[in-house]
Amino acid sequence: MSTETFVNYWIGQEPTPPSPTLDTMPAYVQVAPLAFVTIDDSYELNFDFLCTTNPPDVIKGWIKTVRANGTRVLFSINDQKLGSVPDVNAFVENVVQNAIEWGVDGIDFDYEGWDSPSDTVIEVAQALRPAMAKALGTEPYFAAPVYSLWLGSLPFLTSFAAELDLVTTMDYSTYPGYDQTVEWCEQYMEAIGTPEKLAVGVSCMGPPDSGYFTPLDDVKKLCTWEPSSGRKGGMMNYTFSYDVETRNGSGTGYPDGTWTKAIEANLP
């Protein structure tokens, strides 16, 4: 298993098959965020998107299997409402209740409010950590993806990252190329204060000519790349569900699991 962290998303929207089911996530993947959980108008978690293809009880069973293999499973909360939670305590209580019910290890804060940084999402993370630790009996794992527009809000990124175990990058929509990706990662790392808290994100979303795609050769290069300031935190793949040769008129064009296997083979 890699000494650097391998994060591999699983997205509930994709039909299974052709996409793989969550319980087939390889044990060498250390973190598996579940995409996506949203927030309803009452500021409670909503699982409709996550359960698009498979019902809750089935996914909960898969979570048990994946966690038994040693992989941390996270709710990936993808909603701008993270930045406008009116009652942080009530929201935290709802998240904790669902974390217990679903049996997850933590939260992936997919707050894409780079154009409107909000201290509220930081307050939520600060309140959630002790609440989840008490409820779960162990420290929760917190992650969050960032994008190049966050470079215009570096003080916010610095404060937010302080509440997280790992920051991942999603500079693949559209993919700017290897050199630009590395340059942005260096800037994120400087703002965060340590390179070991940043995992480089790649995409096998496809199709290859869509722009929302990291070429396989670049995936391998980014796995082996290390910043001048030390050692990176790892790699993130978006997503295990898309890592198939053909899916819904798209696909990587490579054998199923190629991106996932390439990261495992090349990550230090």
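Predicted model: local features only at pLDDT ≥ 70, side-chain atom pairs only at ≥ 80, totals over all residues.
**The core**

Let's start inside. The largest nonpolar core has 94 residues, and the members touching the most others are Phe75, Phe109 and Leu128. Looking at who contributes, helix H5, which covers residues 178-192, gives the most to this core, with eight residues.

Setting aside residues up to four places away in sequence, Phe75 touches Leu34, Val37, Leu45, Phe47, Asn98, Ala99, Trp102, Val104, Gly106, Ile107 and Asp108. One of those neighbours, Ala99, turns up again in the H2 side of a helix contact.

**Helices H2 and H3**

That contact is between helix H2 (residues 88-102) and helix H3 (residues 119-136), whose axes are 9 Å apart and meet at an angle of about 40°. With that angle, H2 counts as oblique to H3. The crossing of the two is right-handed.

Which residues do the meeting? On the H2 side they are Val88, Phe91, Val92, Val95, Val96, Ala99 and Ile100. On the H3 side you'll find Glu123, Val124, Ala127, Leu128, Ala131, Met132, Ala135 and Leu136. Sorted by type, the residues of this contact come out as 14 nonpolar, no polar and one charged.

**Helices H6 and H7**

Now for the second pair. The axes of H6 and H7 come within 9 Å and cross at roughly 30°. An angle under 35 degrees counts as roughly parallel, and therefore H6 and H7 are roughly parallel to each other. H6 passes H7 in a right-handed crossing.

From H6, the contact uses Leu216, Val219, Lys220, Cys223 and Thr224, while H7 supplies Thr258, Trp259, Ala262, Ile263 and Asn266. Between them, the residues of this contact divide into six nonpolar, three polar and one charged.

H7 itself runs over residues 258-266, and its buried residues are Thr258, Trp259, Thr260, Ala262 and Ile263. What lies over them? The cover includes helix H6 (216-224), along with strands E1 (5-8), E9 (198-203) and E10 (234-238).

Thr214 sits in the loop between E9 and H6, and is buried, with a relative accessible area of 0%. Apart from residues up to four places away in sequence, Thr214 touches Tyr172, Tyr175, Val202, Ser203, Val219, Leu222 and Trp259. Val219 and Trp259 are also part of the contact between H6 and H7.

Most residues other than glycine have a negative phi, and most peptide bonds are trans. Here are some exceptions in this model.

| Spot | Feature | Value |
|---|---|---|
| Ala35 and Phe36 | cis peptide bond | omega about -10° |
| Gly206 to Pro207 | cis peptide bond | omega near -5° |
| Tyr43 | positive phi | phi about 60° |
| Asn248 | positive phi | phi near 45° |

Where do these fall? Phe36 is in strand E3, residues 31-39, whereas Pro207 belongs to the loop between E9 and H6. Tyr43 is in the loop between E3 and strand E4 (45-46), and Asn248 lies in the loop between E10 and H7.

Asn248, at 54% relative accessibility, counts as exposed.

One last stop: Glu44, found in the loop between E3 and E4. Glu44 has a relative accessible area of 39%, so it counts as partly exposed. How far is Glu44 from Val95 in sequence and in space? They are 51 residues apart along the chain, but 7.5 Å apart from C-alpha to C-alpha. Leaving out neighbours within four places in sequence, Glu44 is in contact with Thr38, Ile39 and Asn94. Val95, for its part, is one of the H2 residues that meet H3.

Conventions. Residues numbered from 1 in each chain as written. Heavy atoms only, no water. Core = buried A, V, L, I, M, F, W, Y, C linked by side-chain atoms within 4.5 Å. Buried < 20%, exposed > 50% of the residue type's maximum accessible area, 1.4 Å probe, protein only. Helix = DSSP H or I, 4+ residues; strand = E, 2+ residues; numbered from the N terminus. Contact = heavy atoms within 4.5 Å. Axes fitted to C-alpha atoms, helices over the stretch in contact; angles between N-to-C directions. Parallel < 35°, antiparallel > 145°, perpendicular 65-115°, else oblique. Left-handed = near helix turned anticlockwise from the far one by under 90°. Nonpolar A, V, L, I, M, F, W, Y, C, P; charged D, E, K, R; others polar.
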